[in-house]
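Please examine the sequence and the structure shown below before reading on.

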Amino acid sequence: MADVTISFEGGTLRVEIHGDCAPSDLPFTEPDPRSKTRRASAFRYAALCDYFDSQNITTEDSVLDLPELPTILSAYDLREYQADALDSWDDTNRRGVLELPTGSGKTVIGVKAIEECQTPTLVVVPTIDLLEQWRKILETEFDVPIGRLGGGEQRVEALTVSTYDSAYLRADDIGDRFGLVIFDEVHHLGGEGYREIARLLAAPARMGLTATFERPDGAHEIVADLVGPKVFDIDVDDLAGEHLAPYDVKRLTVELTPEERERYERKQQVFTRYLAQSSIEMKSGSDYLELVKRSGNDPKAREALLANQRARDIMMNSEGKVTALADILRQHRDDRVIVFTAHNDLVYRLSERFLIPAITHQTATAERREILDRFRRGVYSRVITSNVLDEGVDVPDANVAVVLSGSGSEREFTQRLGRILRPKADGGRAILYEVVTTETAEVRVANRRR
C-alpha cells in the first residue's frame, strides 16, 4: 500500500495517510475531522507532489481525471522574445506570470504552451469577446472541439475557454479535468471572488498573461501565490520599431473657460475645506473609501464627495477638450483614430457633435461587434469609447489614440497605448495624444499614470 492516498473532492484535495511513513502534519494541509483525513486547497496539488517526491513518500494519486486529447500541433512560430517568455515559464516548473505589452502576441505564447504541455487545458478570460477570440484561434490551430463556458453555453472539452464568471461557478466541479490553466488578463484574478477559481483548480501547470501585472491594491501578491510569480517581462519600448509600431506620446494642455474655472474652483473649495476639517489626506485609495463611507451618515462628507465629483466632471468634460479633439481629428483626417474618455455622457456628446460611432457599456454586443467590424474594414475611420475597449476586446488596428480623460491607472494607460501599437503596413509611427486641463487635479492624475 502507498504511504499516502490523494484524491480530488469538490475543489479540495483529500489526503489520507497510511501508517507512519508520512508526517501527520503534512504541509499545505489541515485536519478534516469529518472524514478523519487531511484537506488542502486544490491549487496545492503540485506543491504536495513535489513534497512527496522530496521525502520519498509513495502515493496513490487519483487527483486528475483528464479527458483524452490527441496530439496537437500549432502552426505558430514564436518570435525571439516570445520564445524567451515561454522558456522562462518552463524554467519555473511551468508556473508563473508573463507580462508583455498589448499587441505583442501573448495569445500566441499561450497556444504554444498548450502545444508544449500536450495536456487538457482551461483558458480563463474576462470577457465574451476574448472568449470568442481564443475559441476561434484554438479551433484553427488544433482542429479539435473547443469547449465553452460563458455566453449561454456550458460545454466542457479537453480544450475549454471560460469567462472568469463561469469559471467561478464551475471550478469546484471541473477542477480535476485540466493539467494546464491559462489566465488571460491575470490581474483580474486578484479580485476577491475570482481568487477562488485558482484555488479550486488542481491543474499543476499555470500561466498568467497580462500587460500590467501589479495592482494598486497589492493583490498581485495573491495572484503570485495562486499562479506563480512574474517570471518574464518586456517593455513596450523594447519592442517598438521592430515588433510593435514606433510611437510618440504627446500631451496637449487646455484651459478652462472663465465660467468653467469659476464653477471648478467653487466645487474644489467645498471639497478641500472638508478634507482640512476631517483629517483625511487623500494620499491613497483607502482615504477616498473613508470619505465615501463617511458620506453615508455625514451630510458634510456627502456634500464634499459630490463637489469633488462635479469638479472632476468640469475638468474632464471641458470645452477646451472638445476644441482640442476637433483639431486632432482635422489633423488626422486620413488616419484611424480611437478616442478614449472616462464618462458616457461625454462619449455621446462627442459622438453626436463629430458623427463618430460610440461604444459604451450600454452598447449592445451585436452593435459593438458591427461597429468594430466596420472600423476594421475601413467603413469607419474613428471610434469613441468610455473604458470598454481598454482590454478584453479584439480591437482593429488604429494608429492614433486620443485620451480625453481617464484615471491615474498605469494599467489603463498601457492598455490604451497598446491599442495603436500593432505594426503598420507602411512602417508608420503611432501617436497617442493626452489632453489635460491645466491648473486642475487632472494634471496630477495624468502624471501618476505615466
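Is the crossing of α9 and α11 left-handed or right-handed? In this predicted model, helices α9 and α11 cross in a left-handed manner. The contact draws on Glu260, Arg263, Tyr264, Lys267, Gln268, Val270, Phe271 and Tyr274 from α9, while α11 contributes Lys300, Ala301, Glu303, Ala304, Ala307, Asn308, Arg310, Ala311, Ile314 and Met315. As for the geometry, α9 covers residues 258-278 and α11 covers residues 299-316. Their axes lie 8 Å apart, and the two helices pack at an angle of about 150°.

These two helices belong to a protein chain that contains 16 helices and 19 strands. The C-alpha trace of the chain spans about 85 × 60 × 40 Å along its principal axes. Of its 450 residues, 54% count as buried. Contacts may also be considered by separation along the sequence. Among contacts in the chain with a separation of 6 or more, 71% are accounted for by residues 24 or more positions apart.

Helix α2 may now be considered in detail. It consists of 12 residues, 80-91, and reaches 16 Å from its first C-alpha to its last, close to the 16 Å expected at 1.5 Å a residue. Which residues of α2 are buried? They are Tyr81, Gln82, Ala85, Leu86 and Trp89. Viewed down the axis of α2, these buried residues fall within an arc of 140°, and they therefore line one face of the helix.

What covers the buried residues of α2? The cover includes the strands β6 (95-99), β11 (180-184), β12 (205-210) and β13 (230-233), together with the helices α3 (106-117) and α8 (236-239). After α2 comes asparagine 93, whose phi is positive, near 60°.

The buried residues of α12 include Gly320, Lys321, Val322 and Ala324. Leu325, Ala326, Ile328 and Leu329 of α12 are buried as well.

Definitions and conventions
Residues numbered from 1 in each chain as written. Predicted model: local features only at pLDDT ≥ 70, side-chain atom pairs only at ≥ 80, totals over all residues. Heavy atoms only, no water. Helix = DSSP H or I, 4+ residues; strand = E, 2+ residues; numbered from the N terminus. Expected span 1.5 Å × (residues − 1). Buried < 20%, exposed > 50% of the residue type's maximum accessible area, 1.4 Å probe, protein only. Arc of directions from axis to C-beta. Contact = heavy atoms within 4.5 Å. Axes fitted to C-alpha atoms, helices over the stretch in contact; angles between N-to-C directions. Left-handed = near helix turned anticlockwise from the far one by under 90°.
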